[in-house]
Amino acid sequence: MSWLEKINRTGDIHRIPPEAYDELAAEIREFLVQKVSQHGGHLASNLGAVELTMALHLAYDPTYDKIVWDVGHQSYTHKILTGRKAGFDELREFGGMSGFPKRRESITDVYETGHSTTAVSAAMGMAEARDLFGDHYHVVAVLGDGSATGGMAFEAMNNASDIPSNFVIVLNDNNMSISPSTGGLRRHLSNIRVAKGYNDLKEDVADRLLRIPNGEVLVRLIKRAKSQVKRVMIGDTSIFDNLGVTYIGPIDGHDVNTMVHVFRQVKNIRHPVLVHVVTQKGRGYPPARRHPEIFHGIAKFDPVTGVPVGEKTTTYTDVFGKTVCRLAEEHSEIVAITAAMKEGVGLQRFAKRFPDRFFDVGIAEEHAVVFAAGMASAGLRPVVAIYSTFLQRAYDQIMMDVCRNGLPVTFLIDRAGLVGEDGATHQGVFDLSYLRSIPGLVIAAPRDVRDLKKLIDLSQEVDGPMAIRYPRDCED
């Protein structure tokens, strides 16, 4: 019997001996690759979070404690460990198991998510409710480094410093959102990782030096130098310490025993703590490791080769990507902006051909829209490409910063309408309603890809804001 066969209900992971954790992780990865290859789903992010999820389930009681997954697309291992293996046979199908946490599925899915940067805010609310009711459960928010680029995550961490009780944020750092992470936080986390590697190297050297005569003198010099290097790399404290959240890490996110030890220790800290774990997106499956952005969310594929199953077809997204490149050749004032969705919205070709005119702002839709407004006010013609379900997060900015000022910003709204397998949190069904309430905004919906090309051309002639919404469908 395999170790995974012993996992049939919440808590069964405690029946697995510690020496078998690596084998269980490998079996979970094999299970995920097989099931997602048959039904599609989020693969790379889940492959990277296997050991982290195991450690959380070993250190906490998910039927009592509250584990809040940011976005929730990395919760597949959580579903396996809570007795839902059979649900993967109908993963993301109508009436089947959701690809995101779903409260009706399990009491261990404590919060339904689907959009990023919400976990710290929601978990903080649970922690405050716990304290007001006099309860004693633990609250953990699992936040990806990509989600941490969003403003709401920083707003919540700023506010979290006021909590006078235990509250844990786990920062799952794989240097990726959907596309590679961008910005100053990415560089800060990179510096922390580099400093940790430097420190580990020097400690190993110190252990050897202590075995030789007068070695302790050299060790003191090395430690002094080590502190200076670390201070140069990341300063005296991390950004999280400066926000009032105690920083611990970085920790190997694939070492179950170390993570369990740390999680159990931080339970005793009576203020907010951030545990920084470093993982590999796509771990254990070479195609996903090579192309984590492709395997972030993928349709059916051959599990042996990683090649998608089915005929290649042209989508509205493909047509947009090609058309905006053609226009950019003709008009130097055109720039393209996206919120951590370069591949998803079809801007990878534009980013390669016009790197100085492409801007990935991270998971920060509100900033993306106001950033575009600033560009437009200075004479550029921004094209903002965002999924319908995510653009609704920037409604106020579209109204107040773009449309009230009559600025020539074009919104390319991908995945408009029903999108199927991703479920309620990702259906693009509200954009037409909320955009029609905004004065001065031209709204268009092409009937086919030929119309899409014409509308994108027309957008450059419109003296003001325009929104073009289109589905994820393929060309007829």
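User: Which residues does Phe 411 touch, not counting residues up to four places away in sequence?

Analyst: Val 369, Val 384, Leu 391, Ile 398, Val 402, Met 466, Ala 467 and Ile 468; a contact means heavy atoms within 4.5 Å. Mind that the model is predicted, with local features needing pLDDT of at least 70 and side-chain atom pairs 80 or more, while totals for chains, interfaces and linings use all residues. Numbering runs from 1 along each chain as its sequence is written, and side-chain values use heavy atoms, without hydrogens or water.

User: What makes the 57 residues a nonpolar core?

Analyst: They're called that because they are buried Ala, Val, Leu, Ile, Met, Phe, Trp, Tyr or Cys, joined through side-chain atoms within 4.5 Å. Buried means under 20% relative accessible area (1.4 Å probe, protein chains only). Phe 320, Leu 347, Phe 350 and Phe 411 touch the most other members. Helix H12 (residues 316-330; a DSSP run of H or I, at least four residues) gives the most, 7 residues. Another core, of 51 residues, lies apart from it, with Ala 20 and Phe 88 among them.

User: How much of the protein is buried?

Analyst: 55% of its 476 residues.

User: Why is the second largest pocket called a pocket?

Analyst: Because it's an open set of points on a 1 Å grid, with protein on both sides within 12 Å along at least five of seven lines. Its volume is about 360 Å³. It has 21 lining residues, each with an atom within 4 Å of a point. Ser 98, Glu 421, Asp 422, Gly 423 and Ala 424 lie nearest its centre.

Definitions and conventions:
1 Å grid on protein atoms, 1.4 Å probe; cavity = no way out; pocket = protein on both sides within 12 Å on 5 of 7 lines; lining within 4 Å. Points joined across faces, edges and corners; volume = space filled by probe spheres on them. Buried < 20%, exposed > 50% of the residue type's maximum accessible area, 1.4 Å probe, protein only. Helix = DSSP H or I, 4+ residues; strand = E, 2+ residues; numbered from the N terminus.
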